[in-house]
Amino acid sequence: QVQPVESGGGLVQAGGSLRLSCAASGRISGIRGMGWYRQAPGKQRELVAEIPSGTVANYADSVKGRFTISRDNAKNMAYLQMNSLKPEDTGVYYCTVVTSWPTIARYWGQGTQVTVSS
């Protein structure tokens, strides 16, 4: 099992920035992908950004050019730098980790709240 733990959420005004961090612990040797999802009130959880493997990142169209995902494989950490935040970015942000060994599985953190005021 892998346990992702998020930190860095909070309240920020529109146009501001936040940086989220995710620390993965447990059976980390099998980690393949790391990423971020979010869920706004009354909406489904959606992909924000992910690095499925290697260094190539995928982003939701709504955050391209504003958010940047990065990984530190040596520390089993993932980060999400969020700039030019908008009220519609408000939601609970979840770190997710995908393992390829010993099983193919996806693990979720508890989430961290991000609130962007207008």
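Glu46 is partly exposed, with a relative accessible area of 36%; here buried means under 20% relative accessible area, exposed over 50% and partly exposed in between, using a 1.4 Å probe and protein chains only. This is a predicted model, in which local features need pLDDT of at least 70 and side-chain atom pairs count only at pLDDT 80 or more, while totals for chains, interfaces and linings use all residues. Residues are numbered from 1 along each chain as its sequence is written, and side-chain values use heavy atoms, with hydrogens and water left out.

The side chain of Glu46 forms a salt bridge with that of Arg38, at 2.8 Å from N to O. A salt bridge is a side-chain nitrogen of Lys or Arg within 4 Å of a carboxyl oxygen of Asp or Glu. Arg38 is buried, at 6% relative accessible area. By this rule there are 4 salt bridges. Another of them pairs Asp89 with Arg66, again given as N to O, at 2.8 Å. Asp89 lies in the loop between β8 and β9 and Arg66 in the loop between β6 (58–59) and β7, so this pair ties together parts that are 23 residues apart in sequence. Strands are DSSP runs (E, at least two residues), as helices are (H or I, at least four), numbered from the N terminus. Both Asp89 and Arg66 are buried. Through shared partners, salt bridges join Arg38, Glu46, Arg66 and Asp89 into one network. Asp61 and Lys64 also meet in a salt bridge, at 3.1 Å from N to O; Asp61 is exposed, with a relative accessible area of 65%.

The largest nonpolar core has 26 residues, and those with the most contacts inside it are Met34, Trp36, Val48, Phe67, Leu80, Met82 and Tyr93. Such a core is a set of buried Ala, Val, Leu, Ile, Met, Phe, Trp, Tyr and Cys residues joined through side-chain atoms within 4.5 Å. At least two core residues come from each of β3 (18–26), β4 (31–39), β5 (46–51), β7 (67–72), β8 (77–82), β9 (91–99) and β11 (112–117). β3 supplies the largest share, 4 residues. Leaving aside residues up to four places away in sequence, Val48 touches several residues, among them Trp36, Arg38, Phe67, Leu80 and Tyr93, where contact means heavy atoms within 4.5 Å.

The loops hold some backbone features. Asn76, in the loop between β7 and β8, has a positive phi of about 55 degrees although it is not a glycine. Asn76 is buried, at 16% relative accessible area. Ser84, in the loop between β8 and β9, also has a positive phi, near 50 degrees, and is partly exposed at 41%. A cis peptide bond joins Trp101 and Pro102, with omega about -5 degrees; Pro102 is in the loop between β9 and β10 (105–108).
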